[in-house]
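Work through the exercises below with the sequence and the model at hand. Each task is followed by a solution in steps.

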2 protein chains.
Amino acid sequence: MKNKTERIQKIKEIISSIKIESQGQLLDILLEEGYDLTQATLSRDLKRMRIAKVGDGCGGYSYILPGQNVAKTLNTSHSSSVPASNWFVSIDFSGQFCVIKTRPGYAGGIALDIDAKEADQIMGTIAGDDTILVILRGGVRKKELIDILRDIIPIIDK
Amino acid sequence: MKNKTERIQKIKEIISSIKIESQGQLLDILLEEGYDLTQATLSRDLKRMRIAKVGDGCGGYSYILPGQNVAKTLNTSHSSSVPASNWFVSIDFSGQFCVIKTRPGYAGGIALDIDAKEADQIMGTIAGDDTILVILRGGVRKKELIDILRDIIPIIDK
DNA sequence: TATTATATTGGATATATATGCAAGAAAATA
DNA sequence: TATTTTCTTGCATATATATCCAATATAATA
């Protein structure tokens, strides 16, 4: 029996630093790091640690620590969901605005990518540290923008 | 094909009002309410809604809405986890204090239950709306208190 | 230290959850 | 309205996750 306390700590570290999509993936990492355990134990650990599995908004899943709160992706309720990736946190539409939230520090870079598209439908973008405001021309539909963003914001609900 | 928007709304309502432990349980409720769907669809809904499944701290699981944040149950890190139930949210120990968080409105009632124990190890309790402060006598160990609370706070990590 | 109670874990497996595929709606467009 | 494209869903099933049981270790106590 190895050291549980240490393992628990390591799990926290891993989950807070990289995106984990399944217990299997996390297990592999732990094994590589020299921890010796099975999926059964990992499942128990996650349960006790109250670590949750949640849709990442991008067609995949992600494990999150308690306390970290998940943004509601899309308030335009109905219709299907929308993009996300690794830096992606959420996207919302309202009138001729689109607000994209990113992990801290990414907003500027992503905004540049969006600008590079030089899409007519986009009047402009303004980016802070973790938020991008995309201003659309009047009459542009949500779906149009999604199409434009499709290769910046990876997959859409696979 | 029924109305998706309405169903999504209903799911939110249910999850925010009662404790859901599995998709199966939620599915049953929806079916009873007249919604017509399968587990496959529900799984997709939850994924898109970013609703997460997380250990309830009591040996079971609970589905939570995005935004609701999960309290870390137990900061005394190491050692195993601790209790929880239906009103239960979290428990923390520090020195001769124990703080129990509950769902809103429950603190008073639970505190009465604790008082009713008339345990020597407990100097007294103070309850707000969703938080109970339990003051222990010096030298009382965490485990002792857990034993006392055992039948108020259901199972311990089954 | 011996004894008893409590925790931790893996293996195997049950259970729960996710998804590929195809079919039937709904919406957009011609 | 006819046609094309996009959604939504169920079914069957793959995949992922949780848990029973038994073994072993650890801690508590005598």
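**Exercise 1: DNA strand D**

Of the atoms of DNA strand D within 4 Å of the protein, 72% are sugar or phosphate atoms, and the rest belong to bases. The model is a predicted one, in which local features need pLDDT of at least 70 and side-chain atom pairs count only at pLDDT 80 or more, while totals for chains, interfaces and linings use all residues. Residues are numbered from 1 along each chain as its sequence is written, chains are lettered from A and ligands numbered from 1 in the order in which they are written, and side-chain values use heavy atoms, with hydrogens and water left out.

Task: state which residues are closest to DNA strand D and which elements supply the surface near DNA strand D.

Step 1. A residue is near a strand if one of its heavy atoms lies within 4 Å of it. DNA strand D is surrounded by 24 residues, the closest being Gln23(A), Ser43(A), Arg44(A), Tyr63(A) and Thr41(B).

Step 2. Look for polar contacts (pairs of N or O atoms within 3.5 Å). Phosphate oxygens of DNA strand D lie 2.7 Å from a polar side-chain atom of Ser43(A) and 2.3 Å from one of Thr41(B). For Arg44(B), a polar side-chain atom is 2.9 Å from a base oxygen of DNA strand D.

Step 3. Two or more residues each come from α2 (23–32) and α3 (39–49) of chain A and from α1 (4–17) and α3 (39–49) of chain B. Helices are DSSP runs of H or I with at least four residues, strands are E runs of at least two, and both are numbered from the N terminus. The largest share, 5 residues, is that of α3(A).

**Exercise 2: DNA strand C**

Task: find the closest residues and the phosphate contacts of DNA strand C.

Step 1. Here 24 residues surround DNA strand C, and the closest are Thr41(A), Gln23(B), Ser43(B), Arg44(B) and Tyr63(B). Sugar or phosphate accounts for 67% of the atoms of DNA strand C within 4 Å of the protein.

Step 2. A polar side-chain atom of Thr41(A) is 2.2 Å from a phosphate oxygen of DNA strand C. The corresponding distance is 2.7 Å for Ser43(B) and 2.9 Å for Lys47(B).

Step 3. The largest share of this surface, 5 residues, comes from α3(B).

**Exercise 3: α2(A) and α3(A)**

Task: how are α2(A) and α3(A) oriented to each other, parallel or perpendicular?

Step 1. Their axes come within 10 Å and cross at roughly 110°. Axes are lines fitted to C-alpha atoms, for helices over the stretch in contact, and angles run from 0 to 180 degrees between N-to-C directions.

Step 2. α2(A) and α3(A) are therefore roughly perpendicular, a class that covers 65 to 115 degrees.

Step 3. In contact (heavy atoms within 4.5 Å), Gln23(A), Leu26(A), Leu27(A) and Leu30(A) of α2(A) meet Gln39(A), Leu42(A), Ser43(A) and Leu46(A) of α3(A).

**Exercise 4: the sheet of chain B**

Task: give the strand order and identify the edge strands.

Step 1. The open sheet has 4 strands in the order β3-β4-β6-β5 (chain B), with antiparallel pairing. Strands pair if DSSP finds at least two bridges between them.

Step 2. β3 (88–94) and β5 (122–127) of chain B each have a single partner strand, so one side of each lacks a neighbour in the sheet.

Step 3. β3(B) and β4 (residues 97–102) of chain B pair over 6 bridges; Phe97(B) in β4(B) is the bridge partner of Ser94(B).

Step 4. Helix α4 (residues 107–116) of chain B lies across β4, β5 and β6 (131–136) of chain B, at about 165° to β5(B).

Methods
A polar contact is a pair of N or O atoms within 3.5 Å; within protein, one must be able to donate a hydrogen and the other to accept it, and residues adjacent in sequence count only if both atoms are side-chain atoms. Angles under 35 degrees count as roughly parallel, over 145 as roughly antiparallel, 65 to 115 as roughly perpendicular and the rest as oblique.
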